[in-house]
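Keep the sequence and the 3D view open, and look up each residue as we reach it.

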There are 2 protein chains.
Amino acid sequence: MLRVPAPDLRAVAQALLRASGVDGGEVEAIADNLLWNDLAGRTNHGVERLPILLRRVQAGLIRTPARMTFRSLSEAAALLDADDGFGQVAGALATDRAVDLARATGLGVVGVQRSNFYGTGAYYINRAAGAGMISIALSNSFPKVAAEGGYRPVLGTNPFAFGAPRRDGRALIVDMSTAGLAGSTVRAHQQDGRDLPEGLVVDEDGRPVTDPDAAMRGTLLPASGPKGFGLALMVEILSGVLTGAGVSSQVASMYKDFERHGNSGHFILALDIARWMPIETFYDRLELLAGMVASSGGEGCVRLPGDARWDAMAENREQGIALEDKTATALRELAGALGTAVPW
Amino acid sequence: MLRVPAPDLRAVAQALLRASGVDGGEVEAIADNLLWNDLAGRTNHGVERLPILLRRVQAGLIRTPARMTFRSLSEAAALLDADDGFGQVAGALATDRAVDLARATGLGVVGVQRSNFYGTGAYYINRAAGAGMISIALSNSFPKVAAEGGYRPVLGTNPFAFGAPRRDGRALIVDMSTAGLAGSTVRAHQQDGRDLPEGLVVDEDGRPVTDPDAAMRGTLLPASGPKGFGLALMVEILSGVLTGAGVSSQVASMYKDFERHGNSGHFILALDIARWMPIETFYDRLELLAGMVASSGGEGCVRLPGDARWDAMAENREQGIALEDKTATALRELAGALGTAVPW
C-alpha cells in the first residue's frame with residue numbers, strides 16, 4: 001500500500017477535477033472534502049470516489065459549474081437549490097449558511113434539493129464545529145434498505161451525523177448509517193471477499209444472507225430494526241420530503257443509474273453554543289462528561305465518537321495517506337486518460 | 001384486567017394529584033400527559049407512575065407549585081429553569097414555547113434544566129405536530145447504560161423522539177430508547193418473570209445476562225453498539241451539557257434515589273413546515289413516502305412509527321383503558337391513604 005503525502009494527493013485530486021472540466025471555483029471544495037475523508041481514514045469517501053464522480057460529470061449527470069441558489073425561508077431557515085451540481089459543493093455552502101443563520105438567530109437550518117451524493121456528514125459537522133457550533137447533518141440516498149417488517153429496498157442508508165466542538169479541536173463526531181451496515185461496507189467486504197456479519201442483509205426473497213455478492217443484489221436491514229428504521233425515516237423526511245428533493249426511488253444510485261441526476265437532498269442544522277453559555281464553560285462540561293464516559297470501562301476500552309478519525313488524521317498527516325492499490329491504479333489510469341499524471 | 005373509561009381514569013389521576021397537594025395549575029398538564037400515554041398503550045408511562053411521582057412530591061423531591069422561568073437566549077432559543085418541578089409540566093411548557101419560537105422564526109429550540117422525568121417524548125412530538133410542526137424531543141436520565149466498549153452505567157436510556165404531522169391527524173412518531181432495551185422493558189420482564197433477549201444487558205462484571213433480576217442490577221448496552229452510544233451521547237450533550245442540567249451521575253433515579261432532585265434536562269426543537277411548503281404539499285409528499293414504505297413488504301407487514309399508538313388510542317377510547325391489576329390495586333391503595341377513592 002502506497003503512502004502519499006496529503007498535499008500531493010490533494011494536487012492529484014485537483015488536477016483530475018480540472019482536467020475533467022470541473023469548474024475552477026468548485027475544485028477546491030470538492031478536493032478539500034475528499035482529502036479530509038482520506039486523512040480521517042474514511043478512504044471510501046475520499047479520492048477513491050473520483051472516477052465515479054468524474055464519470056457522472058462526463059455523462060452530464062453532475063452539472064459543473066452549477067448555479068446554486070439560496071432561497072430564504074425565514075430568519076433561521078434557507079433552502080438551497082443545488083442545480084444538480086456536486087453534493088460536496090452544496091454541502092459546504094449549506095453548512096456555511098446554516099452557521100451564518102445560527103450566528104444571527106441562535107439556530108440555523110438549511111435544506112438542499114436537487115443535489116448529489118455529498119460524502120460523509122462528518123466533514124460538515126467538523127466544519128460547523130470549527131465555528132463553535134453543535135450541528136446535525138443528514139442526507140437521503142437511493143433505496144438500498146428495507147423498512148422494519150419489509151424486504152424490498154425503500155430507504156437509503158440515510159446517514160445521520162451529529163457533533164460538537166471540543167477544547168482540543170478534535171470535534172466529537174457521531175456519523176452513522178441508519179442501516180445495520182453502510183453500503184460502502186458491503187462493497188469493501190465484496191472487494192476483500194469477506195463474509196458479512198449475520199442478520200444485517202436479506203436477499204431478493206427476504207432470506208438472510210452473509211455473502212457480500214448476494215448482499216449487493218439484496219437489501220440491507222435497518223440498524224436495530226425499528227430504531228434504525230425510525231431514524232432512516234427521519235432522515236428521509238427532513239432531507240427529502242421537506243426540502244423538495246427526491247424521496248425513496250426518486251433518488252438515483254451514483255454507481256448504477258446513469259439515466260438520471262442524483263436528486264438527493266440534505267439537511268444541515270447548526271446551533272450556536274455561545275448563546276447558551278460561554279464556550280469555555282461548554283468545553284468544561286463536555287470534558288466532564290467525556291471523562292466520566294472514558295472511565296466507565298477498562299483502561300482505554302471506551303473511545304468517544306470521532307477519536308478514531310482524529311488518530312488517523314494525525315498518523316496520515318505525518319506518514320502520508322494510505323492509498324489502496326486499487327485506488328492508486330484507478331487514479332493513475334484516469335490521469336492517463338485525461339492527459340495528466342500522478343506521482344506514483 | 002380492568003377497562004376504565006378514559007374520563008374516569010383522568011378524574012382519578014386529577015383527584016390523586018390534588019389530594020397529594022399538587023398545585024391546581026399543574027394538575028391538568030400532568031394528568032393529560034399520563035392519560036395520553038395510557039390511551040396510546042404506553043401504560044408504563046401512564047397513571048402507573050402516579051405512586052412514585054407522588055412519593056417524590058411528598059419527599060420534597062418534586063416541587064409543586066414550581067416557579068418555572070424562561071430565559072430568552074436568542075430569537076430562536078430559550079432556556080427553561082424547571083425549579084425541580086414536574087417534568088411533565090416543564091416538557092409541555094417547553095414544547096409550547098419551542099412552537100411559538102418556530103412560528104416566529106421558522107425554527108425554535110428550548111432547553112430545560114433542573115427538571116424531573118418527563119414521560120415519553122412522543123407526547124411532546126404529538127403536541128408540536130398538532131401545531132403543524134416537525135419536532136425533536138430529547139431527555140437525559142440517570143445512568144443505566146454502558147458506553148460502547150464499557151460495562152459500568154454512564155449514560156441514561158436517553159430517549160430520542162422525532163415526529164411529523166400527517167393529514168389524518170395520526171402523527172408519525174419515532175420514540176426510542178437509545179439503549180438496546182428501555183429500562184421500563186426490563187422492569188416489565190421482571191414483573192412478568194420473562195427472560196430478556198440476548199446481547200442487550202451485562203451484569204456488574206460485564207458478563208452478558210438475560211435474567212431480568214440480574215439485569216436490574218446490571219447495565220444495559222446501547223442499541224446497535226456504537227450507533228446507540230452515539231445517539232445517547234447526542235441526547236446527553238443537547239439535553240444535559242448544553243442546558244446546564246445534570247449530566248450522567250448528576251441525574252437521579254426516580255425509583256431508587258430519594259436523596260436528590262431528578263436534575264434531568266430536556267431539549268425540544270420545533271420546525272415550522274409552513275415556511276418550507278404549504279402544509280397540504282407536505283402531507284402529499286409524506287403520504288407518497290408512506291405509501292412507498294407500506295408497499296415494500298408483504299401485505300400489512302410494514303407499519304409506520306406511531307401507527308401502533310394510534311390503533312391503541314382508537315381501541316382504548318372505545319373500550320376504556322386497560323388497567324393492569326397491579327396498577328389498579330396500587331391506585332386504590334394510594335387513594336385510600338389520601339382519603340379519596342377510585343371507582344373500581
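Let's begin with helix α3 of chain A, where the buried residues are A:Leu50, A:Ile52, A:Leu53, A:Leu54, A:Arg56 and A:Val57. Here buried means under 20% relative accessible area, exposed means over 50%, and partly exposed lies in between (1.4 Å probe, protein chains only). Helices (H or I, at least four residues) and strands (E, at least two) are DSSP runs, numbered from the N terminus. The buried residues of α3(A) pack against α1 (6–19), α2 (24–39), α4 and α11 (325–338) of chain A, where contact means heavy atoms within 4.5 Å. Just after α3(A) you will find A:Gly60, with a positive phi of about 75°.

A word on how to read all this: the model is predicted, so local features need pLDDT of at least 70 and side-chain atom pairs count only at pLDDT 80 or more, while totals for chains, interfaces and linings use all residues. Residues are numbered from 1 along each chain as its sequence is written, chains are lettered from A and ligands numbered from 1 in the order in which they are written, and side-chain values use heavy atoms, with hydrogens and water left out.

Now move to A:Ser248, in the loop between α8 (226–241) and β10 (264–272) of chain A. Is A:Ser248 buried or exposed? A:Ser248 is buried, with a relative accessible area of 3%. Leaving aside residues up to four places away in sequence, A:Ser248 touches A:Pro143, A:Val154 and A:Glu236, together with B:Leu289 and B:Met292.

Next, turn to chain B and look at two of its helices. The axes of α1 (residues 6–19) and α2 (residues 24–39) of chain B come within 9 Å and cross at roughly 140°. Axes are lines fitted to C-alpha atoms, for helices over the stretch in contact, and angles run from 0 to 180 degrees between N-to-C directions. That angle makes α1(B) oblique to α2(B), because angles under 35 degrees count as roughly parallel, over 145 as roughly antiparallel, 65 to 115 as roughly perpendicular and the rest as oblique. On the α1(B) side, the contact includes B:Ala6, B:Leu9 and B:Arg10, and on the α2(B) side it includes B:Val27, B:Ile30 and B:Asp32. The residues of this contact divide into nine nonpolar, one polar and five charged. For this count, Ala, Val, Leu, Ile, Met, Phe, Trp, Tyr, Cys and Pro are nonpolar, Asp, Glu, Lys and Arg are charged, and the others, Gly among them, are polar.

Finally, consider charge. Side chains of opposite charge can pair when their charged atoms come close. A salt bridge is a side-chain nitrogen of Lys or Arg within 4 Å of a carboxyl oxygen of Asp or Glu, and the whole structure has 48 of them over all chains. One joins B:Arg10 and B:Asp32 (3.1 Å, N to O). B:Arg10 lies in helix α1 of chain B and B:Asp32 in helix α2 of chain B, so the pair ties together parts that are 22 residues apart in sequence. B:Arg10 is partly exposed at 23%, and B:Asp32 is partly exposed at 24%.

Back in chain A, A:Glu315 forms a salt bridge with A:Arg3, with the closest N and O atoms 2.8 Å apart. A:Glu315 sits in helix α10 (residues 307–319) and A:Arg3 in strand β1 (residues 2–4), 312 residues apart.
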